[in-house]
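Dear colleague,

Please find the structure handed over below, followed by an account of what was found in it. I would be grateful if you read the two side by side.

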Amino acid sequence: MRIYREKDYEKMSQKAAEMICAQIMMKPDCVLGLATGSTPVRTYEKLVERYQNKEIDFSEAVSVNLDEYRGISKDNAQSYHYFMRRHLFDHINMKAFYLPDGMEEDTKKECRRYEELIASLGGIDLQLLGLGNNGHIGFNEPGESFEKETHCVCLHQSTIEANKRFFQSAEEVPKQACTMGIGTIMQAKKILILVSGEKKAEMVKRAFWGPITPRVPASILQIHQDVTLIGDEAALSKIPDCGRKFG
Ligand code: F6R
């Protein structure tokens with residue numbers, strides 16, 4: 001695992017945007033796996049800036065997002081589809097972007113469709129991840145086993161609490177979501193995980209320096225062959241002093 005310790009959120013976002021651009025320059029027709037949440041927002045802004053400055057071209061790239069809430073349509077301002085358009089897709093020339101359909105009633109069918117879609121694209125070249133306060137990646141919540149494929153989950157109360165800031169109240173946060181599985185994520189050729197802020201510090205330590213366990217879903221990343229962790233000083237404050245980078 002490579003670790004980049006950046007001074008603050010701004011620098012973390014700068015580094016993440018550079019890595020995503022490098023991926024696109026190396027393979028213009030790549031498949032990006034993307035995430036929502038607060039952490040990647042500034043990274044997306046920086047990608048938009050670089051696109052507007054004609055420094056990067058997304059016209060051959062496609063993306064697949066990690067997850068989507070169940071029961072809200074893509075035009076709903078709280079949907080992850082809407083979030084991604086607002087922060088990224090409406091401002092760049094991505095060839096195509098895909099998210100699970102949160103309105104499909106037959107969830108098994110939808111999850112299978114999403115897995116098949118990712119396979120038909122040739123798999124994910126670079127998967128961007130955030131880290132949940134409870135150790136989740138995508139919406140793979142802490143549990144007794146690692147779920148392999150795209151599946152429907154009941155969100156943990158801690159996730160509902162963490163995400164209520166995007167809604168009027170906790171009651172409005174959907175209780176279920178459709179998420180790529182741990183196996184889907186682990187099949188990505190490269191993983192880029194971003195962590196920012198002191199409230200992530202303890203979980204960063206547990207996930208990357210603790211035992212590999214489904215109780216901390218992100219801990220599985222310890223055995224992925226190509227993981228880059230970019231964190232600000234606050235989020236990396238509880239890990240051994242690794243300097244700027246180590247492999
Ligand atoms: C988002 C996602 C989640 C978030 C995680 C961190 O698509 O799948 O796993 O990455 O909850 O969220 P933030 O960045 O808001 O702390």
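**An exposed lysine and its loop**

At a relative accessibility of 74%, lysine 54 counts as exposed; here exposed means over 50% relative accessible area, buried under 20%, and partly exposed in between, with a 1.4 Å probe and protein chains only. Please note that this is a predicted model, in which local features need pLDDT of at least 70 and side-chain atom pairs count only at pLDDT 80 or more, while totals for chains, interfaces and linings use all residues. Residues are numbered from 1 along each chain as its sequence is written, and side-chain values use heavy atoms, with hydrogens and water left out.

Lysine 54 belongs to the loop between α2 and β3. Helices (H or I, at least four residues) and strands (E, at least two) are DSSP runs, numbered from the N terminus. The phi angle of lysine 54 is near 60 degrees, a positive value in a residue other than glycine. Glutamate 55 is also placed in the loop between α2 (41-52) and β3 (62-65), and with 41% relative accessibility it counts as partly exposed.

**Aromatic pairs**

How many aromatic pairs does a search of the whole structure find? The search finds six. Rings of Phe, Tyr and Trp (its six-membered ring) pair if their centres lie within 6.5 Å; planes under 30 degrees apart count as stacked, over 60 as edge-to-face and the rest as tilted. The ring centres of tyrosine 51 and phenylalanine 58 are 6.3 Å apart and the planes stand at 55 degrees, so this pair is tilted. Tyrosine 51 is partly exposed, at 25% relative accessible area, whereas phenylalanine 58 is buried, at 0%.

Tyrosine 80 and phenylalanine 139 make a stacked pair, with 6.0 Å from centre to centre and 15 degrees between the planes. This pair links distant parts of the chain, 59 residues apart: tyrosine 80 is in helix α3 (residues 80-87), and phenylalanine 139 is in the loop between β6 (126-130) and β7 (151-154). Both tyrosine 80 and phenylalanine 139 are buried. One aromatic cluster is formed by Tyr69, Tyr80, Phe139 and Phe167.

Asparagine 140 also lies in the loop between β6 and β7. Asparagine 140 is buried, with a relative accessible area of 4%. A polar atom of its side chain is 2.9 Å from the backbone oxygen of methionine 180.

For glycine 138, a backbone N or O atom lies 2.7 Å from a ligand oxygen atom. The side chain of arginine 165 has an N or O atom 2.7 Å from an oxygen atom of the ligand. Taken alone, the ligand exposes 410 Å², and the protein buries 93% of that; these areas come from the Shrake-Rupley method with a 1.4 Å probe.

**A serine in another loop**

Serine 169 lies in the loop between α5 (157-163) and β8 (176-179). At 22% relative accessibility, serine 169 is classed as partly exposed.

With kind regards

How values were computed: A polar contact is a pair of N or O atoms within 3.5 Å; within protein, one must be able to donate a hydrogen and the other to accept it, and residues adjacent in sequence count only if both atoms are side-chain atoms.
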